[in-house]
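Have the structure open and try each task before you read on.

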Amino acid sequence: MRLAMERLLLLPSDLLRHELFPFFNISDVVALDVAVSHRRLRPLLLEVYRELPLAHRKEGLTLAQMVWFFTRSIPLQSISFDTTSGTLKVSDIFEVLESAGSAAASVRHLSLCPWSDSAGGLDCFRLLTLCTGLTSLTLHDCKEVAPPVLEALRTLHSTRLRSLDLSACSEITDAFLDALSEGCPSLTSLNLSHSRSITGAAVRNLATRCTSLTALDLSDCSQLTSAAVSDIARCAPALASLKLPWCARIESEALISLGRDCPSLTHLSFFGCPLITDTGVTAIARGCPLLTGLDAGTCGQLTDDAVTALCEGTPQLTSLNLGKCSLLTDFALELVARKLLSLNTLCLSAIHSATENGFQAVARGCPALTELDVSLNDGFTDGCVEALVREHPALVSFDGSSCPGLTDSSTRTLAGGSRSLRTLRLDCCAGVTAAGVGALANGCPSLTELSLSRIKLTEEAALTLASGCQALTSLSVCGHLPNAALAALCSGKWRIHFDDDDVDDDYF
């Protein structure tokens, strides 16, 4: 055991970090600690400990795990806690860090999301007084953020803090944002999504003061106008990522300013901005030569001219959302298929003017494609699936929900040639039956997410899913099933959703 653990530490650090650490739990770490006694390897073991929280930063640590690290005088650079359950409070975290002494100053990344207890803001202030070395802070969906947290940010973290996530923090106002931008001018990344109270005046001050911003998320900041976006473009020329979904007042003038003043832009989203026209998209295509990701979904005024400009000006795009741009035709789809050769993620949902010819072109083209969403399209048929699977054997995600042209033939095609497929959604596909679902279970071993809402499954198909799709972690099915089938599905380690209208009440 000891020899095996010591050999493990001699593996390349990148391999440990990306391939092994994500599967480690605290028991594995304890085993390492006990087994590795060689003096020369102990420093390597400490590096393992420092990397482990980074590998698990999404699900975070428990208090017991954090105590385990600190009692061994191992500084943690990244700490993440999910307080959703209500059993963990910010005050608990503060007590652990306070007992750790100077080790708290080594924390660089702190995530507390969310909290709802009334004392959370004050406890967070106390916590921030301990973590004086922070460069990144996430307070997603946290209540009572202002004013104690703001005071701590301004007085203790004004020069070091680079990244701040305040998404869904309902108390963010113009006054708060003004004080924040004045107190933390060194920010390079800021998330203010769902801050519906802030106006263009506060955003203008933010842009003027935080001139080093490279990433800004203003999703669903519904009071913003084109003038505010123009101010951002003028004052933050190094901006690389800007998110503006559901900012419904923004017009093409905003995109013209971004195209003129932000040549470093690589990712842009204006999903759900109905006033955007071809003129704005053309300005982006001509002025942002580094653009690799564009989300223009639900912009109903865009036509084939916008797609033409993108294909000519930004052929390096790797991700593109044109979903619900209902004026697009087969010409636009054929152009995308022929010109955007680096595209790996594409959304073409609800393109009602397109026909099977256009979707066939996409299925045969876009050689780098691995993720495709064509939901809500009458023109996407079994023949399109055949071309897609034949030309894209590395496909990992496909959404064909509400496509009446898909039948069991498509599921058999996917099962026969898409062994890399991990996510599949066929909700409300009337032509797909239980027999087709059974074929999926036998031919798509890599599936982790499967959505089959409103598709009636037989007991045999459900049992086949339960036994054949061992990698599944998320499953959405029609609940009208015999108890034996439901029991088989519920016995797996899956997150299962049943269509409410069809669940057998006797089972529960």
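**Exercise 1. Count the aromatic pairs, then work out the geometry of the pair formed by Phe-359 and Phe-380.**

Step 1: Take the rings of Phe, Tyr and Trp (its six-membered ring) and keep those whose centres lie within 6.5 Å; planes under 30 degrees apart are stacked, over 60 edge-to-face and the rest tilted. With this rule, the count is three aromatic pairs.

Step 2: Phe-359 and Phe-380 pair edge-to-face, at 5.7 Å centre to centre and with 75° between the planes.

Step 3: Phe-359 belongs to helix H16 (residues 356-364), while Phe-380 is in the loop between strand E12 (371-373) and helix H17 (382-391). The pair thus links distant parts of the chain, 21 residues apart.

A word on the source: this is a predicted model, in which local features need pLDDT of at least 70 and side-chain atom pairs count only at pLDDT 80 or more, whereas totals for chains, interfaces and linings use all residues. Residues are numbered from 1 along each chain as its sequence is written, and side-chain values use heavy atoms, with hydrogens and water left out.

**Exercise 2. Are Phe-359 and Phe-380 buried or exposed?**

Step 1: Set the cut-offs: buried is under 20% relative accessible area, exposed over 50%, and partly exposed in between (1.4 Å probe, protein chains only).

Step 2: Phe-359 counts as buried because its relative accessibility is 1%. Phe-380, at 0%, counts as buried too.

**Exercise 3. Describe the pair of Phe-380 and Phe-398.**

Step 1: This pair is tilted, with 5.8 Å centre to centre and 40° between the planes.

Step 2: Phe-398 is in strand E13 (residues 397-399) and Phe-380 in the loop between E12 and H17, so the pair ties together parts 18 residues apart in sequence.

Step 3: Phe-398 has 1% relative accessibility and therefore counts as buried. Ring pairs join Phe-359, Phe-380 and Phe-398 into a cluster.

Methods:
Helix = DSSP H or I, 4+ residues; strand = E, 2+ residues; numbered from the N terminus.
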